[in-house]
Structures are given as structure tokens and as C-alpha cells.
Amino acid sequence: TNPIKNQVLRINAIHEEMVKIQIFNMQGSLVQEYKTKTNLDSTINLNSGIYFLQIQSETKINLYQIIVQ
């Protein structure tokens with residue numbers, strides 16, 4: 001579990017390939033989506049709670065649980 005404070009989401013790109021970043025609420029509904037080939041440094045507007053962060057590259061999908069404080 002990764003806490004997010006100050007509503008800032010930072011993701012460092014390792015490879016220069018298109019990455020789709022999606023944030024889902026606990027009910028499984030998509031609440032935010034980003035597409036980038038570079039590092040992401042974005043302010044997110046989410047209520048406090050637990051969310052799932054999915055990062056999808058051309059070769060794999062990673063899913064993380066995050067807590068917004």
C-alpha cells in the first residue's frame with residue numbers, strides 16, 4: 001500500500017514507451033486515466049480512501065493499491 005499525500009501522483013517512466021495509467025475506486029469504476037511516454041507528475045482530485053492504480057505498458061500490466069489521505 002502506497003499513501004499519496006497532497007494529492008500529487010508521481011510516476012517515473014523507465015522506458016520510452018506509451019504507458020496508460022488508470023485509477024479505479026473500490027467499486028471498480030474508472031475515476032481517472034492518463035497516457036504518457038514520459039514521467040508523470042500530476043495533481044489528482046480524489047476523496048480520501050483506497051484506490052487501485054493500474055499501469056499498463058506495451059508488454060505488461062501492474063496493479064497497486066494506493067491510499068489517498
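Biologist: How many bridges join S6 to S7, and what makes them a pair?

Modeller: This is a predicted model, in which local features need pLDDT of at least 70 and side-chain atom pairs count only at pLDDT 80 or more, while totals for chains, interfaces and linings use all residues. Residues are numbered from 1 along each chain as its sequence is written, and side-chain values use heavy atoms, with hydrogens and water left out. Two strands pair if DSSP finds at least two bridges between them; strand S6 (residues 49–56) and strand S7 (residues 61–68) are joined by 8 bridges and run antiparallel, so they meet the definition of a pair. Phenylalanine 52 stands opposite glutamine 65 in S7, and a hairpin of 4 residues connects S6 to S7.

Biologist: What else pairs with S6, and over how many bridges?

Modeller: Strand S3 (residues 19–24) is joined to S6 by 5 bridges, again antiparallel, with glutamine 22 opposite glutamine 54 in S6. S3 also pairs in the antiparallel sense with strand S4 (residues 30–36), over 6 bridges, and there isoleucine 21 has tyrosine 34 as its bridge partner.

Biologist: How many helices and strands does the chain have, and how do you know what counts as one?

Modeller: Helices (H or I, at least four residues) and strands (E, at least two) are DSSP runs, numbered from the N terminus. By that rule the protein chain comes to 0 helices and 7 strands, and its elements run β-β-β-β-β-β-β from the N terminus on.

Biologist: Why is glutamine 22 called buried?

Modeller: Buried means under 20% relative accessible area, exposed over 50%, and partly exposed in between (1.4 Å probe, protein chains only). Glutamine 22 has a relative accessible area of 10%, so this residue is buried. Glutamine 32, in strand S4, has 16% relative accessibility and therefore counts as buried too. Buried residues make up 36% of the 69 residues in the protein chain.

Biologist: What makes the link between glutamine 22 and glutamate 33 a polar contact?

Modeller: A polar contact is a pair of N or O atoms within 3.5 Å; within protein, one must be able to donate a hydrogen and the other to accept it, and residues adjacent in sequence count only if both atoms are side-chain atoms. The side chains of glutamine 22 and glutamate 33 make such a contact at 2.8 Å, and those of glutamine 32 and tyrosine 34 make one at 2.5 Å.

Biologist: What makes a group of residues a nonpolar core, and which residues have the most contacts inside the largest one?

Modeller: A nonpolar core is a set of buried Ala, Val, Leu, Ile, Met, Phe, Trp, Tyr and Cys residues joined through side-chain atoms within 4.5 Å. The largest has 14 residues, and those with the most contacts inside it are Leu9, Ile11, Ile21, Ile23, Tyr34 and Leu53. Strand S2 (8–11), S3, S6 and S7 are the elements that give two or more residues to this core. Contact in general means heavy atoms within 4.5 Å; not counting residues up to four places away in sequence, isoleucine 21 touches residues including Ile11, Tyr34 and Leu53.

Biologist: Where is confidence lowest, and where is it highest?

Modeller: pLDDT is the predictor's confidence in each residue, from 0 to 100. The mean is lowest in strand S1 (residues 2–4), at 63, and highest in S6, at 92, while the protein chain averages 82 and 83% of the residues score at least 70. Where pLDDT is low, the predicted coordinates should not be read in detail.
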